[in-house]
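This report covers charge pairs, a helix packed on one face, and a nonpolar surface patch. Keep the model in view while reading.

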Amino acid sequence: MWREHKKLWKQRAVAVFVVAGLLLNLFLLLRSEYSRQSWMEPTVSCYRSIYQEIKEMEPAKAKSYLKKKSNNQNIAYERRIGYETMLDEISRAGSYDDYLEEREKDYSKSKVFEGFRKSSKYDRKDAAKVMKMLRQFQGSTVQIVPSRGWAMILLFFQTDIAGLVTLLAAAAVSFMQEKERGEYFFIRTMKRGRESFIIYKVLALLLFTMEVILLLYLENILVAWKLYGLGDLNACLQSVNGFIGTGVAADLKESIVLFLGLKLLAYFVSMLLILFLMTVCGTSQKLYICLAVILGGSSLAYWGISANSWVSVLKYVNLIGFLHTGEMMAVYRNIGLYGFPVSYITVGIVFFIVAGILLFSGTVFFFCDQKIVSRAKRNILSQGKRQKKIRGYRLFYGETKKIL
């Protein structure tokens with residue numbers, strides 16, 4: 001495995017793709033932050049300076065301060081927009097019980113009208129489980145943190161685009177290129193040229209996947225820290241704007257670890273899928289068609305299916321859905337399995353394990369099962385025609401043709 005991993009990094013094209021992926025991710029990060037219109041939302045410097053003003057304040061005092069500033073007509077319009085944006089972001093700061101009380105009221109109203117709406121048994125189980133999960137955070141304190149910085153880490157999907165392109169290019173150079181050159185026909189004749197070879201190859205590419213993804217998200221963390229700061233890492237995940245309804249009981253440090261763990265599992269499955277298709281597809285054209293169909297279908301399901309649809313399970317249990325790891329963590333959501341609500345994160349982890357084992361096993365099996373002789377033999381003339389044509393050759397003509 002280490003030999004294959006070392007050989008992978010020694011290929012100049014692979015190193016170029018990794019550097020290009022990191023530069024592309026950095027460009028997309030900076031472009032998304034510095035392209036903000038000051039008359040619509042605060043710029044990077046404005047947001048950072050406002051956060052510095054309130055980061056040491058208590059939530060109630062910070063809200064009062066921001067409200068007063070946003071209503072002060074003597075302050076520049078762009079600055080007032082910044083105060084309003086920050087006030088909206090920290091609107092849930094303080095006691096978590098205020099948010100929980102709102103959810104309890106909604107839950108009580110839904111129980112009153114259950115008979116009129118004729119809600120299903122699953123809907124009642126789902127609502128009860130969601131409330132049970134949220135009640136465990138009763139008494140928690142929602143602190144003030146720079147949510148923009150955390151959004152760059154947890155919700156920036158463009159990083160996944162850069163990651164997928166980088167991994168696909170590296171796998172194509174390392175695996176598909178060797179296959180199309182016909183090297184595997186000779187490797188399979190060796191003592192360890194089948195099962196051992198492909199296992200080491202897959203493990204090396206999975207290790208490479210882990211390294212690339214960690215580099216990409218380390219870049220996100222550093223850029224977010226440089227632009228906005230990260231705030232108190234001991235604050236609960238609910239402190240980040242948009243994560244108030246999460247079911248993850250962790251502080252920000254633990255949340256990063258969980259996020260990276262789920263992200264790595266999603267990318268491991270993605271890489272195993274790519275390698276499986278490279279193994280079973282005879283040409284690059286077939287490979288790219290299959291990948292386009294899978295990614296296109298997943299995208300259509302994720303963005304096209306409503307969350308309230310009866311096929312909403314397809315919206316979340318697919319490759320694109322799992323790559324939106326931050327959104328998976330942002331809101332506690334259940335997936336219906338045989339009438340029972342199961343946590344989306346739990347479903348995702350089980351799916352990663354099962355799909356990973358199946359794809360890994362399938363890649364090894366099909367690689368070992370492939371014949372040594374090339375499929376090109378199907379294009380050779382039949383035996384009778386070939387013999388008839390050979391008889392027509394003269395020795396001098398045949399030897400001359402071989403030399404030329």
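The model is predicted. Its partner is lysine 263: the two form a salt bridge, and their closest N and O atoms are 3.1 Å apart. Lysine 263 sits in helix H13 (residues 252-280) and aspartate 160 in helix H10 (residues 158-180), so this bridge ties together parts 103 residues apart in sequence. Lysine 263 is buried too, at 1% relative accessibility.

The structure holds eight salt bridges.

Side chains of opposite charge can pair when their charged atoms come close.

Glutamate 102 belongs to helix H6 (residues 96-112), while arginine 92 is in the loop between H5 and strand E1 (94-95), ten residues apart. Glutamate 102 is partly exposed at 39% relative accessibility. Arginine 92 is partly exposed at 33%.

Glutamate 33 is buried, at 5% relative accessibility. Arginine 36 is partly exposed, at 21%. Both belong to a salt-bridge network that links Glu33, Arg36 and Glu41.

Which residues of helix H3 (residues 44-54) are buried? They are Val44, Cys46, Tyr47, Ile50, Tyr51 and Ile54. Viewed down the axis of H3, these residues fall within an arc of 165 degrees, so they line one face of the helix. An α-helix has 3.6 residues a turn, so residues three or four places apart point the same way. The cover over the buried residues of H3 includes helices H2 (12-34), H4 (59-70), H5 (77-89), H9 and H12 (195-227).

Serine 147 lies in H9, which spans residues 147-154. Serine 147 is buried, at 5% relative accessible area. Its side chain reaches the backbone nitrogen of asparagine 241 at 2.9 Å. Beyond neighbours within four places in sequence, serine 147 is in contact with Tyr47, Glu89, Ser239, Val240 and Asn241.

The surface carries a nonpolar patch of Ile349, Val350, Ile353, Val354, Ile357 and Leu358. Together they have about 540 Å² of accessible area. Valine 350 lies in helix H18 (residues 344-369). Valine 350 is partly exposed, at 46% relative accessibility.

Definitions and conventions
Residues are numbered from 1 along each chain as its sequence is written. This is a predicted model: local features need pLDDT of at least 70, side-chain atom pairs count only at pLDDT 80 or more; totals for chains, interfaces and linings use all residues. Side-chain values use heavy atoms; hydrogens and water are left out. Helices (H or I, at least four residues) and strands (E, at least two) are DSSP runs, numbered from the N terminus. Buried means under 20% relative accessible area, exposed over 50%, partly exposed in between (1.4 Å probe, protein chains only). A polar contact is a pair of N or O atoms within 3.5 Å; within protein, one must be able to donate a hydrogen and the other to accept it, and residues adjacent in sequence count only if both atoms are side-chain atoms. Contact means heavy atoms within 4.5 Å. Patches are made of residues with over 30% relative accessible area and no salt bridge: like charges are joined within 9 Å, nonpolar side chains (Val, Leu, Ile, Met, Phe, Trp, Tyr) within 5 Å. Accessible areas come from the Shrake-Rupley method with a 1.4 Å probe; for residues, only the protein chains shown count as cover. A salt bridge is a side-chain nitrogen of Lys or Arg within 4 Å of a carboxyl oxygen of Asp or Glu. The arc is that of the directions from the helix axis to the C-beta atoms.
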